[in-house]
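Welcome! Let's take a guided look at one protein model and learn to read a few of its parts.

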Amino acid sequence: MEQAISINKALDFFKLTINDLQKAISVAMSRKATYADIYIEYTTTNAIIYKEDKIDYAYEDLDSGAGIRVVSDEHSGYAYTEIITPKDLIKAANFANKISDGNIVFAPVNINFLEIKNNRYPILKSWDDYTTNDKSRYLDLLNSKIKSIEGNISNIKINFSNETKKILFINSEGDIYADIRPTANLSVSCIIVDGEKTGNANISKSFLKGYEFFDEEMIEKMAKELVDRARLNIISTKPQGGKMPVVMGCGESGILLHEAIGHTFEADFIRKKTSVFCNQLGNKICNSEITIVDDGTIPFNRGSINFDDEGVEGEKTHLITNGVLTGFLHDRISARHFGVKPTGNGRRSSFRKEPIPRMRSTYMENGNHSLEEMIAEVNKGVFVESYSNGEVEIGAGNFTFYVKQGYMIENGKLTTPIKDINVIGNGPEALANISMVGNDLEISNATWMCGKNGQNCPVSCGMPSVLVNNLTVGGE
């Protein structure tokens with residue numbers, strides 16, 4: 001088992017010394033700067049595209065470089081290099097520090113080694129030790145399992161990728177850490193043909209794991225769920241739309257929580273006063289049964305971190321506690337602005353981008369009600385299970401989400417399967433309209449990606465089932 005990479009091993013891997021890094025930091029801080037950091041990254045990615053019962057093609061990608069950020073009060077400068085040598089780090093530092101004038105000489109500070117005490121994603125089996133053929137054995141298994149369940153299946157497409165990211169970080173405060181982040185992504189789609197009708201479905205799984213990600217039980221569950229969704233899609237219909245109660249199912253409904261509500265808690269939107277929750281800290285904003293957290297500590301979870309991309313340890317951050325707004329998601333810049341501690345939410349898509357406040361795993365904690373209780377409360381409404389895409393006005397929280405599958409609720413019971421509807425509303429208003437929270441919290445471990453400011457970061461989300469009293473459902 002590879003618990004974590006040591007700082008000394010990371011320095012050896014990148015062929016650097018602490019003295020090299022401190023020299024670059026000194027150059028970055030040589031003008032009127034208040035903070036600087038260096039983020040170094042080496043990423044290997046392997047991917048397999050599988051269709052028509054075999055591997056269609058496979059590829060490997062290597063990417064490496066270093067990003068240097070210099071902060072001066074509310075301003076920042078950023079530069080990156082794809083060549084990791086002491087000379088190129090100093091060159092990038094010179095570019096980054098041109099945010100201000102002056103000649104302040106920076107004296108290197110004592111080094112603070114940030115060792116990983118509780119690795120959230122230990123690698124049991126390194127991806128480096130396994131070939132494309134080793135991985136394809138499980139893709140063959142998934143393909144055959146799907147076919148054994150459903151005879152009218154066609155167009156089975158499987159995408160798999162694994163990634164290993166090695167990171168070395170140092171800042172002007174002397175903090176230094178190293179990390180290895182493994183990732184595995186598996187997605188599959190299919191079409192079922194039944195006479196003139198067709199049904200399609202897709203499903204995905206992602207964890208921060210090595211080759212131990214592959215598990216026959218997971219493969220079997222994915223195959224069954226995929227076929228069940230495709231079969232249901234064949235008989236589902238598009239209902240009449242309008243304003244009505246909506247019961248959101250556990251798990252995947254967390255994406256609506258993430259997109260329509262979660263972004264409004266990111267502190268850069270609070271600092272710029274574009275979030276609807278500006279000046280709301282400490283206020284009661286929803287049902288007392290609601291507690292929402294953003295968590296970077298869940299073992300092997302797609303959104304988890306040992307340290308964020310600014311050298312801040314991952315934590316579980318409470319955003320809403322029993323209906324009261326209790327916190328925001330901070331990077332170092334927003335934390336300094338508000339005079340609080342950063343929450344470990346400074347994340348970036350790669351060394352080419354500077355970190356900004358981003359979510360990790362955002363979910364609502366369990367309430368006190370069963371799903372059956374919530375459905376029984378609804379005379380006429382819809383129950384939604386899975387989503388495909390949507391549009392969100394970040395900050396204000398206005399959203400439109402496309403529902404792949406669900407059911408009508410009539411007289412307190414699930415009836416007709418439905419599809420091809422939109423759920424439309426405003427995130428904060430929908431939050432305030434939640435009247436019941438389920439006791440069936442599920443984290444959705446799909447291949448979720450979050451886009452913001454031109455950066456995509458892996459995240460996860462989750463929800464227990466909830467009853468929203470009034471939302472607009474777009475149908476016939």
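The report below visits a helix, a sheet, some salt bridges and a loop.

## Before we start

Please keep in mind that this is a predicted model.

Let's begin with helix H3, which covers residues 86-96. Five of its residues, Asp-88, Leu-89, Ala-92, Ala-93 and Ala-96, are buried. Looking down the axis of H3, you would find these buried residues within an arc of 140°, so they line one face of the helix. Now turn to the other side of H3: here Lys-87 and Lys-91 are exposed.

What covers the buried residues of H3? The cover includes helix H2 (18-28) along with strands S1 (35-51), S2 (54-72) and S3 (75-81).

## An open sheet of six strands

Next comes an open sheet made of six strands, with mixed pairing. Reading across the sheet, the order is S11-S10-S9-S14-S23-S20. Strand S11 (324-325) and strand S20 are at the edges and have a single partner strand each, so one side of each has no neighbour in the sheet. Further in, S14 (residues 361-364) and S23 (residues 460-463) run parallel and are joined by three bridges. Within this pair, Ser-361 stands opposite Ser-460 of S23. Helix H6 (residues 254-261) packs on the sheet, where it touches S9 (292-295), S14 and S23. The direction of H6 makes about 110° with that of S23.

Leaving aside residues up to four places away in sequence, Ser-444 touches Gly-251, Glu-252, Ser-460, Cys-461 and Gly-462.

## Salt bridges across the chain

How many salt bridges does a search of the whole structure find? The search finds 22. One of them brings together the side chains of Lys-147 and Asp-53, at 2.8 Å from N to O. Lys-147 belongs to helix H4 (residues 132-149), while Asp-53 sits in the loop between S1 and S2, so this pair ties together parts that are 94 residues apart in sequence. Lys-147 is partly exposed at 39% relative accessible area, and Asp-53 is also partly exposed, at 40%.

Another salt bridge links Glu-365 and Lys-316, at 3.1 Å from N to O. Glu-365 is in the loop between S14 and helix H9 (371-376) and Lys-316 is in strand S10 (residues 316-321), so the pair connects parts 49 residues apart in sequence. Both ends are partly exposed, with 22% relative accessibility for Glu-365 and 38% for Lys-316. Elsewhere, salt bridges with shared partners join Glu-173, Asp-175, Arg-332 and Arg-336 into one network.

## A salt bridge inside one helix

Arg-229 and Glu-225 form a salt bridge too, and their closest N and O atoms are 3.0 Å apart. Both residues are in helix H5, and because they are four residues apart, about one helical turn separates them. Arg-229 counts as buried at 14% relative accessibility, whereas Glu-225, at 31%, counts as partly exposed.

## A lysine in a loop

Our last stop is Lys-238, found in the loop between helix H5 (216-235) and strand S8 (242-248). Lys-238 is partly exposed, with 39% relative accessible area. How far is Lys-238 from Cys-190 in space, C-alpha to C-alpha? The distance is 21 Å, and the two residues are 48 residues apart in sequence.

Key. Residues are numbered from 1 along each chain as its sequence is written. This is a predicted model: local features need pLDDT of at least 70, side-chain atom pairs count only at pLDDT 80 or more; totals for chains, interfaces and linings use all residues. Side-chain values use heavy atoms; hydrogens and water are left out. Buried means under 20% relative accessible area, exposed over 50%, partly exposed in between (1.4 Å probe, protein chains only). Helices (H or I, at least four residues) and strands (E, at least two) are DSSP runs, numbered from the N terminus. The arc is that of the directions from the helix axis to the C-beta atoms. Contact means heavy atoms within 4.5 Å. Two strands pair if DSSP finds at least two bridges between them. Axes are lines fitted to C-alpha atoms, for helices over the stretch in contact, and angles run from 0 to 180 degrees between N-to-C directions. A salt bridge is a side-chain nitrogen of Lys or Arg within 4 Å of a carboxyl oxygen of Asp or Glu.
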